[in-house]
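Trainee: I have a structure open and would like to go through it piece by piece. Can we start as soon as it is on screen?
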Amino acid sequence: MHEYSIVQALVDRVEREARARKATAVHRLSVRIGELAGVEAELLASAYDICRAGSLCAGAELAIESVPARWACPGCGREVPAGEVLRCPVCRSPARLVSGDEIILDRIEMEVA
Amino acid sequence: MCDTCGCGDPEIVAVEVHDKILAGNERTAAHNREHFVERGLVAINLMGSPGAGKTAVLEATARAFAGRRRLGAVAGDLATDHDAARLREAGIPATSISTGSACHLDAEMVHRALHDFPWRGLDYLFIENVGNLVCPAVYDLGQAANVVALSVTEGEDKPLKYPVMFRKADLVLLTKVDLLPHLDVRVEAIEDALARVMPRPLLFKMSARTGAGLSSWLDWLEAGRPAAAPPGLQGTMA
């Protein structure tokens, strides 16, 4: 289960940003996780509950936004529905993943004295 | 301190980051990749379930190359040195990365392992990942290509069950095809499943035991090599 290692990288990053701004506490983290990122939101949340103890994130809520996978033709932009063969139904080009592989830290809300 | 009214309450600020959480791993992976490219080495991240035949593929690869290319390997293993030992026996210089309980390799583990491993003169470095179809797909190691070993005994719908792994694959090796006569597995069903998760599906059927299908894999590896330096330049590459 790699969610722990992802949460560790997340908490480290947030602590660095918070310290650089001399924040005294972090209130909320907003992350975006794609459907095809290989990260389970529930596992991420439980890993976060363990890893945040004793860090600047101890009291910070973790808001996870899930991003559905979207495939489209790189040529004509036509969407290829998930579960279908990943080729444009018209020109047969291999589809490209437009969104859905994100593992992104978007925003940190922190308390600055 | 709140500057607006001077009330003394702490101020809440929202810092916009919009950065990859694994940016640190990606930096290390980029560093590894730079080294590999600089040395003209092709690094392959070989992934697959436990028992898919990753080590056997590499043993067969060494036999088939028969010394024509310099191969090396780092093998991620939870607790033992068995895979690396098998590879060394097959003539591939190999070292283990013991991951303890970690279910995947990351770029830093590979980087550290290479500090003590003579990788610089190699044509191919195989990074045999931990047997797992989930976690290894998430971490870039600096490889030139991702190869997934999928054995015929794993079920026709495996790609549909692990879309993250197969989406990241540049090539799938369908291993143990010598067992097909004994199974009810249809290769077309595996190919169809793959086409629904891998936008440029590429699958080679092979058997490490009989050597069947190895030539396509070797040709693919050869095609991935950087263009050979002209003879006059070779001496300056060291």
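This is a predicted model: local features need pLDDT of at least 70, side-chain atom pairs count only at pLDDT 80 or more; totals for chains, interfaces and linings use all residues.

Trainee: How do strand 1 and strand 6 of chain A pair, parallel or antiparallel?
Mentor: Antiparallel, over 9 bridges, with strand 1 covering residues 23-34 and strand 6 covering residues 103-112 of chain A. As for who faces whom, A:Val26 stands opposite A:Met110, and A:Leu29 stands opposite A:Ile108.

Trainee: And where strand 6 of chain A meets strand 1 of chain B, how many bridges are there?
Mentor: That pair has 8 bridges and is antiparallel. Across it, A:Glu111 stands opposite B:Ile12.

Trainee: How many residues of strand 6 of chain A are buried?
Mentor: 8 of its 10 residues are buried, which leaves the strand mostly covered.

Trainee: Switching to chain B. What does it contain overall?
Mentor: Chain B has 9 helices and 8 strands. Its C-alpha trace spans about 80 × 55 × 35 Å along the principal axes. Of its 238 residues, 49% are buried.

Trainee: What share of its contacts comes from residues 24 or more positions apart?
Mentor: 73%, counting the contacts in chain B with a separation of 6 or more.

Trainee: Next, strand 2 of chain B. Why is it described as largely enclosed?
Mentor: Because 7 of the 7 residues in this strand, residues 42-48, are buried. B:Val42, B:Ile44, B:Leu46 and B:Gly48 point one way from the strand, while B:Ala43, B:Asn45 and B:Met47 point the other way; all are buried.

Trainee: Which way does it pair with strand 5 of chain B, parallel or antiparallel?
Mentor: Parallel, over 5 bridges, with strand 5 covering residues 124-128. Strand 2 of chain B also runs parallel to strand 6 of chain B (residues 145-151), and 5 bridges join those two.

Trainee: What stands opposite B:Leu46 in strand 5 of chain B?
Mentor: B:Glu128. In strand 6 of chain B, the residue opposite B:Leu46 is B:Val147.

Trainee: Helices now. At what angle do helix 1 and helix 4 of chain B pack?
Mentor: About 40 degrees, with the axes 8 Å apart. Helix 1 is residues 23-38 and helix 4 is residues 107-115 of chain B. That angle is why helix 1 of chain B counts as oblique to helix 4 of chain B.

Trainee: Is the crossing left-handed or right-handed, and which residues of the two helices make the contact?
Mentor: Helix 1 of chain B passes helix 4 of chain B in a left-handed crossing. From helix 1 the contact uses B:Asn25, B:Thr28, B:Ala29, B:His31, B:Asn32 and B:Phe36. From helix 4 it uses B:Ala107, B:Glu108, B:Val110, B:His111 and B:Leu114. By type, the residues of this contact divide into 5 nonpolar, 5 polar and 1 charged.

Trainee: Last topic, backbone angles. What is phi at B:Ala66?
Mentor: Near 45 degrees, a positive value in a residue other than glycine. Most residues other than glycine have a negative phi. B:Ala66 sits in the loop between helix 2 (54-65) and strand 3 (71-77) of chain B.

Trainee: Is B:Ala66 buried or exposed?
Mentor: Exposed, because its relative accessibility is 60%, and the cut-off for exposed is over 50%.

Trainee: What about B:Lys176, where is it?
Mentor: B:Lys176 lies in the loop between strand 7 (171-175) and helix 7 (187-195) of chain B. Its phi is near 65 degrees, again a positive value in a residue other than glycine. At 26% relative accessibility, B:Lys176 counts as partly exposed.

How values were computed: Residues are numbered from 1 along each chain as its sequence is written. Chains are lettered from A and ligands numbered from 1 in the order in which they are written. Side-chain values use heavy atoms; hydrogens and water are left out. Two strands pair if DSSP finds at least two bridges between them. Helices (H or I, at least four residues) and strands (E, at least two) are DSSP runs, numbered from the N terminus. Axes are lines fitted to C-alpha atoms, for helices over the stretch in contact, and angles run from 0 to 180 degrees between N-to-C directions. Angles under 35 degrees count as roughly parallel, over 145 as roughly antiparallel, 65 to 115 as roughly perpendicular and the rest as oblique. A crossing is left-handed if the near helix is turned anticlockwise from the far one by less than a right angle, and right-handed if clockwise. Contact means heavy atoms within 4.5 Å. Ala, Val, Leu, Ile, Met, Phe, Trp, Tyr, Cys and Pro count as nonpolar, Asp, Glu, Lys and Arg as charged, and the others, Gly among them, as polar. Buried means under 20% relative accessible area, exposed over 50%, partly exposed in between (1.4 Å probe, protein chains only).
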